[in-house]
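Here are a few exercises to work through with the model open in your viewer. Try each task before you read its solution.

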Amino acid sequence: MSTSERVTPPMDADERTSLASWLDFYRATLVGKCAGLGEEQLRTASAPPSPLTLVGLVRHLAEVERHWFRRVLAGEDVPDLFPDAAGADGMSGGFDGAGQASYEDALELWRAEVEHARRACADRSLDDTGSLGEARVTLRWIHTHLIAEYARHCGHADLIRERIDGRTGV
């Protein structure tokens, strides 16, 4: 499935298919919230003083994908995508500096991280674990966490989009 094709998750699927489908649904929702806007609109802050933008959300979620699927699950030693913007936890990366960032560049990074995530998950069981410090984290937990993360940020994207041009839904 492409990262922009939004398909309603099946209502009678097994657990793995359900989790992967819901994550893909929210990934596609994020892209849909950005569709049809120009660069300036995509970099428009939600409501001052918040710097939150649609480009910032895409950049942030690229970093989130990288962190959970590559660092935690696959154990890869990969640098932050936005090292100058990362907080102490490495997870705020992407929001800062988004006012000057290109949406196409952000989308390309995000799509690459989604593809890495899919490859990292392909041959793993939901019970397989990765390391988060001293803790072991299952792929099941990571999927559930990412679904919640995307759902929350898609809500932010919906409000930003409504403020920009009045469009809701998607």
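**Exercise 1. Find the partner in β2 of G130, then describe the strand pairing.**

Step 1: G130 is bridged to V137 in β2. This is a predicted model, where local features need pLDDT of at least 70, side-chain atom pairs count only at pLDDT 80 or more, and totals for chains, interfaces and linings use all residues. Numbering starts from 1 along each chain as its sequence is written, and side-chain values use heavy atoms, with hydrogens and water left out.

Step 2: β1 (residues 129-132) and β2 (residues 135-138) run antiparallel, joined by 4 bridges. Strands are DSSP runs of E, at least two residues, and helices are runs of H or I, at least four, numbered from the N terminus; two strands pair if DSSP finds at least two bridges between them.

Step 3: Now the turn. This hairpin has 2 residues between its strands, and G133 there has a positive phi of about 65°.

**Exercise 2. Work out which residues of α5 are buried and what covers them.**

Step 1: Place the helix: α5 spans residues 139-165, 27 residues in total.

Step 2: Pick out the buried ones (under 20% relative accessible area, 1.4 Å probe, protein chains only; exposed is over 50%, partly exposed in between). Among them are L139, I142, H143, L146, E149 and H153.

Step 3: Look at the cover, which includes α1, α3 (54-73), α4 and β2.

Methods:
Expected span 1.5 Å × (residues − 1). Contact = heavy atoms within 4.5 Å.
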